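The sequence and structure are shown first.

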Amino acid sequence: MDGNHLGDFLRARRDGLRPEDVGMASYGARRVAGLRREEVAVLAGVNADYYTRLEQGRERNPSPQVLDALGRALHLDADARAHLFRLAGTAPELRPSARPAEQVSPSLRQLMDGYPGAPAFVMNRTLDVLAANALADALYAPFEPADNLARMTFLDPAGRTFYTDWDRAAQAAVANLRQAAGFDPDDPRLRELVGALTEHSADFTRLWNSHTVRGKTRDAKNFLHPDVGALTLTYQAFDVRDAPGQQLVIYHAEPGSPSAQSLELLGTVHATRRQATSRFHH
């Protein structure tokens, strides 16, 4: 990750748009598939030279009004727009505070354990799994270890089988990490993780360079678990108010569905294994 985070983001999003996407006519031979700098400048109502300086990192303090205009010109959704503001250092939530806490409070652990029928875990912005209840441990049992969702997806051999739609899971993991980079581009943990993933995964590198940004909210996911087979689960993610940067993620299955039955079986299988292991060690 170099120092021109704002320029890299603008360039990547410009490259991903075609003139027809923004209602512009395309004239003459085009060297690139995406929009030209001049076209983005026209759409945003800013000087073309000024926009060029933004992309090149020679101008680093755009006003909120300019950022608003660029967000509209580049058709950014809410997550990507917030990311743009953070990269420019003007996001209202950007604070020179300490990095997010890595400890999960006892009360939150107790809350997770109070949902024995739902896999629940807490992660930080870099997708490190900080705490999990028993059913989440069972869900992620194919991974060794189940420590970071991005590493598990790209570097653990189990990932390609576990995530039925691996491409979608991979895109989501990278988009989440891009959002983390907007909060703190110099986070040592983020740099370490991105470095390892870039070194060992060409798929990660390709997706990382696309600069797609997305946060976790709610979505359905399909898994193939070696113990119980196919699972379709929906997750809901909640920000932990007293620990900025942490999210509680809870999975659930449609009541009465085959996935609900499989999830119940998964809990039973792993509880039985734990009991057997406990008896063995005693």
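## Basis

Helices and strands here are DSSP runs, numbered from the N terminus; a helix has at least four residues and a strand at least two. The model is predicted.

## Strand β1 and its partners

Strand β1 covers residues 120-123 and β2 covers 129-132. The two strands pair in the antiparallel sense over 3 bridges. Within this pairing, methionine 123 has valine 129 of β2 as its bridge partner. Together β1 and β2 make a hairpin with 5 residues between them, and leucine 127 in the turn adopts a positive phi of about 70°.

β1 also pairs with β5 (residues 247-252), again in the antiparallel sense, over 4 bridges. In β5, valine 249 is the residue opposite phenylalanine 121.

In a regular strand, side chains alternate between the two faces of the sheet. In β1, Ala120 and Val122 point one way, while Phe121 and Met123 point the other way. All four of these residues are buried.

Asparagine 124 sits in the loop that links β1 to β2. Is this residue buried or exposed? Asparagine 124 counts as buried because its relative accessibility is 5%, and the cut-off for buried is under 20%.

The side chain of asparagine 124 has two partners to note. One is the side chain of threonine 126, with which it makes a polar contact at 3.1 Å. The other is the backbone nitrogen of aspartate 128, reached at 2.8 Å. Beyond neighbours within four places in sequence, asparagine 124 is in contact with Glu102, Leu130, Gly245 and Gln246. Of these, Leu130 falls within the range of β2, residues 129-132.

## Helix α5 and its surroundings

Helix α5 spans residues 78-87, and its buried residues are Ala80, His83, Leu84, Phe85, Arg86 and Leu87. Which helices do the buried residues of α5 pack against? They pack against α1 (5-15), α4 (64-73) and α10 (166-183). Just after α5 comes glycine 89, with a positive phi of about 75°.

## Histidine 5

Histidine 5 belongs to helix α1. Its relative accessible area is 18%, so histidine 5 is classed as buried. Leaving out residues up to four places away in sequence, histidine 5 touches Leu87 and Pro185. Leu87 is one of the buried residues of α5, and α1 is among the helices that the buried residues of α5 pack against.

Methods. Residues are numbered from 1 along each chain as its sequence is written. This is a predicted model: local features need pLDDT of at least 70, side-chain atom pairs count only at pLDDT 80 or more; totals for chains, interfaces and linings use all residues. Side-chain values use heavy atoms; hydrogens and water are left out. Buried means under 20% relative accessible area, exposed over 50%, partly exposed in between (1.4 Å probe, protein chains only). A polar contact is a pair of N or O atoms within 3.5 Å; within protein, one must be able to donate a hydrogen and the other to accept it, and residues adjacent in sequence count only if both atoms are side-chain atoms. Contact means heavy atoms within 4.5 Å. Two strands pair if DSSP finds at least two bridges between them.
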